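Q: Could you walk me through this structure, one feature at a time? I would like to learn how to read each one.

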Amino acid sequence: MLLSVSMAESLKDFDAESSIRRVLEMCCFMEKMLANLLADFEMKLESEVLEPLHKLSEDDLPEILKNKKQFAKLTTDWNNARVKSQASTGPQAKQEGLREELEEAWRKLESIKDQYSADLYHFATKEDDYANYFIRLLELQAEYHKNSHEFLDRNINELKENHRPALRLSYQKVYGEPLLSHLSQSNREIAAPIQECIHMLLRTGMGEEGLFRLAAAASVVKRLKTCLDQGNVDHSEFTMDPHAVAGALKCYLRELPEPLMTFELYNDWFKAAGEKDLTEKLEQFRLLLKKLPPENYDNLRYLVQFLSLLSEQQAVNKMTPSNIAIVLGPNLLKPRAEGEAALFDMASASSVQVVTVMEPLIQYSSSLFPEEAVIVYVIIMYNIRMDMKINLWPVLKTPQCVTAPTLNFTYVNPFMVFSTIACTPDQSLTLETVINVDTASSHLSKHFLQIY
């Protein structure tokens, strides 16, 4: 981790477009992830190996050694008492006293012998367990080195490829492009950064404290933006860093040539938010939503529905509708003006006005988007085997996917698959797909559906 921090500090000395800076940014990211892998290994080692062995060294072994020492001492005492008793030729009373002393020494010796034997037996019964702790140590080390090697191998190859001075394949830029242009060229209804980032955040970001508020590593955000521009995003690579995913989504909204809520309606939004009566305010919002271009409306709806889900976890992530409005509002609602006047207006909006618009949009999203409320299903299935056709329609009971109805399962491990489906309740679809499971349905030991 110190190496990662040192690299991050050294980045300041290089031009933003220099090749060494790009390499250092990637190295900084890689060192940070390696530090995380090491920390994870050390925590597992502590709980699965060191703590049980610590109990052995601190509790079991000291007691055994203590009883062993006491057994040796009492054996000596008994031998001495026996020699004295056998050698005694004095009065009868003295010989009786020596015999009693011998018997007492024998009772103590028998007692400690029983205790010592019990401790040794108890230790012997757990000997295999203790041996397994050392085997587990080696397994954890193997797992750590394997994961580290795979991570390094994958990212070093990518680093070499990106650093190689060759012509890059052309791709359609997404960031900084007009929304309608991107949607038309990609044949999408929801902008790629919005949809892809929300899918990743649904997996790992909903409980993340300070999402959209806390900054992520610039190098990781930049990598994700590049992947989104290229139309090739590996979710498993970025879901471990939800702040970076949130940062990439925030960047997309900020870099749109025209914000989702449009320049034209900028003042109208604030006017509607100024209504004192809540019913009238929401009605004014509905009228303004109808004035949005269809593509802006669809993407705003998709985003706001997600932000509403995020705010429902505010007890954990600390992101209330107000907090979300403060950090994201200025990227959704800003004036057309340029220069200092624009900066002043944006600062004013971000501090007060934009919150009065965005907060009720998030709070009353289900009312403001009643006919097209997005329902996101997270489906997790366990014990995946060979081929079996699974009809999910009986448990879904809703509707049509906002995106293509194909289920793209992400393999989390050999026994679990994961997929999200966004649906609208005003359409219908029988959802049936072929996934990898055993033909014997009993092997599908558990599957459940969580509706957000």
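Q: Let's begin with a loop. Where is N187 found?

A: Welcome! This is a predicted model. N187 sits in the loop that links α5 (179-186) to α6 (192-204). Its backbone deserves a look: N187 is not a glycine, yet its phi is positive, at about 55 degrees.

Q: Is N187 buried or exposed?

A: Relative accessibility tells us, and over 50% counts as exposed. N187 reaches 72%, so it is exposed.

Q: Which loop holds F212, and what is its phi?

A: F212 belongs to the loop between α6 and α7 (218-230).

Q: How should I think about a core, and which residues have the most contacts inside the largest one here?

A: The general idea is that in soluble globular proteins, nonpolar side chains tend to be buried together. In this model, the largest nonpolar core has 74 residues, and I194, F212 and W269 have the most contacts inside it. Helix α12 (residues 294-311) supplies the largest share of this core, with nine residues. Apart from it there is another core, made of eight residues, including L45, V49, Y130 and Y144.

Q: Which residues is W269 in contact with, leaving aside its neighbours within four places in sequence?

A: With those neighbours set aside, the contacts of W269 are M261, F285, L288, L289, L292, L333 and V357.

Q: How do I read a pair of helices, such as α2 and α3?

A: Two packed helices are described by the angle between their axes and the distance between the axes. For helix α2 (residues 19-87) and helix α3 (residues 92-125), the axes come within 8 Å and cross at roughly 155 degrees. An angle over 145 degrees counts as roughly antiparallel, so that is how α2 runs relative to α3. The crossing of α2 past α3 is left-handed. Residues of this contact divide into 16 nonpolar, five polar and ten charged.

Conventions: Residues are numbered from 1 along each chain as its sequence is written. This is a predicted model: local features need pLDDT of at least 70, side-chain atom pairs count only at pLDDT 80 or more; totals for chains, interfaces and linings use all residues. Side-chain values use heavy atoms; hydrogens and water are left out. A nonpolar core is a set of buried Ala, Val, Leu, Ile, Met, Phe, Trp, Tyr and Cys residues joined through side-chain atoms within 4.5 Å. Buried means under 20% relative accessible area, exposed over 50%, partly exposed in between (1.4 Å probe, protein chains only). Helices (H or I, at least four residues) and strands (E, at least two) are DSSP runs, numbered from the N terminus. Contact means heavy atoms within 4.5 Å. Axes are lines fitted to C-alpha atoms, for helices over the stretch in contact, and angles run from 0 to 180 degrees between N-to-C directions. Angles under 35 degrees count as roughly parallel, over 145 as roughly antiparallel, 65 to 115 as roughly perpendicular and the rest as oblique. A crossing is left-handed if the near helix is turned anticlockwise from the far one by less than a right angle, and right-handed if clockwise. Ala, Val, Leu, Ile, Met, Phe, Trp, Tyr, Cys and Pro count as nonpolar, Asp, Glu, Lys and Arg as charged, and the others, Gly among them, as polar.
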